[in-house]
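Subject: Structure handover

Hello,

Here is the structure for you to take over. Please open it alongside this note; what I found follows below.

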Amino acid sequence: MLTVDRVSKVYRTGAFGTNQLTAVQDVSFDINPGEVVSLIGESGSGKTTIGKMVLRLASITSGTITLDGVDISTYRGRGLKNYYRHVQGVFQDPFSSFNPIFKADRVFAMLKGQYFSSMGRDAWQHKVEAALDAVRLDPAAVVNKYPHQLSGGQLQRLLIARALLLDIKVLVADEIISMLDASTRIDVLNLLAELKADGLGILFVTHDLALGNYISDKTVILQKGVMVETGETTAVFTDPQHPYTQQLLASVPRLDRRWQK
Ligand SMILES: Nc1ncnc2c1ncn2[C@@H]1O[C@H](COP(=O)(O)OP(=O)(O)OP(=O)(O)O)[C@@H](O)[C@H]1O
């Protein structure tokens, strides 16, 4: 479905854009329907940049990303709008995705204007309620509320519901669990598992190995923009081949052991 093929990203940096920084180098992986692929690496390893390229928020320097065989960099105008029907992203800080002066459910109204302008009011309301139901949000708890009146977990679900109103095939979930407390985390993880069971492909960006191991089918380990190891998640976690993966796994604190001072 979504194929990332030898993709690189070079940013121009410095006051005049004369310096270059290779953030991603020759990264390849596929996401199939109902599959979760984790991108795991330390801060600065290029995870978000890959998510942004998939979402067409950053240009691709070399290589290709295709959705169902079509090179996504060819999309313009209507074609790009249509691409976003199928591929959507949710990011780490849900508060930054909302304008604090508007009610949170305005994101639905904006989507209606862009994609469903001819749909009748009742049909639209029905569709929104179904999306809220899918993310286990009670409409009464979130409709007509300002972002500050909602929790991070509620806002995150609202954004996932917004993505579900479109006919998405791929969700880029960039550190969406990190800012949530432990009980909300498990709720959002279970929600992703349900969406996966319904056939959604998920690119799960995280620096947290435990989260990656919990949710994903395939794992891509990134170090300084380079893919050092990739494979079935169970294989990567039980028998890591690359020294960097071994080092990452060895540095995870174990809950069954006390800290040795
Ligand atoms: N717009 C940009 N212009 C220039 N350099 C950038 C830009 N965005 C990211 N970078 C650089 O590219 C590299 C990869 O950044 P990226 O945000 O993709 O990493 P990451 O693995 O997602 O990190 P984190 O976990 O901290 O979000 C970093 O060195 C970063 O400073």
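Axes here are lines fitted to C-alpha atoms, for helices over the stretch in contact, and angles between N-to-C directions run from 0 to 180 degrees. Please note that this is a predicted model.

Helix α6 first. On those terms, the axes of α6 (residues 152–165) and α7 (residues 182–197) come within 10 Å and cross at roughly 10°. Angles under 35 degrees count as roughly parallel. The two helices, α6 and α7, are therefore roughly parallel to each other. The crossing of α6 past α7 is right-handed. On the α6 side, the contact uses Gly153, Gln156 and Ile160. On the α7 side, it uses Thr184, Asp187, Val188 and Leu191. Sorted by class, this contact of α6 with α7 holds three nonpolar, three polar and one charged residues.

Next, α3 against α6. Helix α3 spans residues 106–115. Its axis and that of α6 come within 10 Å, crossing at roughly 15°. That angle makes α3 roughly parallel to α6. Here too the crossing is right-handed, with α3 passing α6. Val107, Phe108 and Leu111 of α3 make the contact with Leu158, Arg162 and Leu165 of α6. By class, the contact of α3 with α6 has five nonpolar residues, no polar ones and one charged.

Then α4 against α6. Helix α4 covers residues 121–134. The axes of α4 and α6 come within 9 Å and cross at roughly 130°. Angles over 145 degrees would count as roughly antiparallel, and 65 to 115 as roughly perpendicular. So α4 and α6 are oblique to each other. The crossing of α4 past α6 is right-handed. From α4, the residues involved are Lys127, Val128, Ala131, Leu132 and Ala134. They meet Ala161, Leu164 and Leu165 of α6. This contact of α4 with α6 divides into seven nonpolar, no polar and one charged residues.

Last, the annotation. An unreviewed UniProt entry carries "domain: ABC transporter" over residues 5–249. Over residues 5–249, the chain is 39% helix and 26% strand. The end C-alpha atoms of that stretch are 27 Å apart.

If you look at one place to begin, take α6: it is in contact with α7, with α3 and with α4.

Best wishes

Key:
Residues numbered from 1 in each chain as written. Predicted model: local features only at pLDDT ≥ 70, side-chain atom pairs only at ≥ 80, totals over all residues. Helix = DSSP H or I, 4+ residues; strand = E, 2+ residues; numbered from the N terminus. Left-handed = near helix turned anticlockwise from the far one by under 90°. Contact = placed C-beta atoms within 7 Å. Nonpolar A, V, L, I, M, F, W, Y, C, P; charged D, E, K, R; others polar. UniProt positions renumbered as here; feature names shortened; annotations may be inferred.
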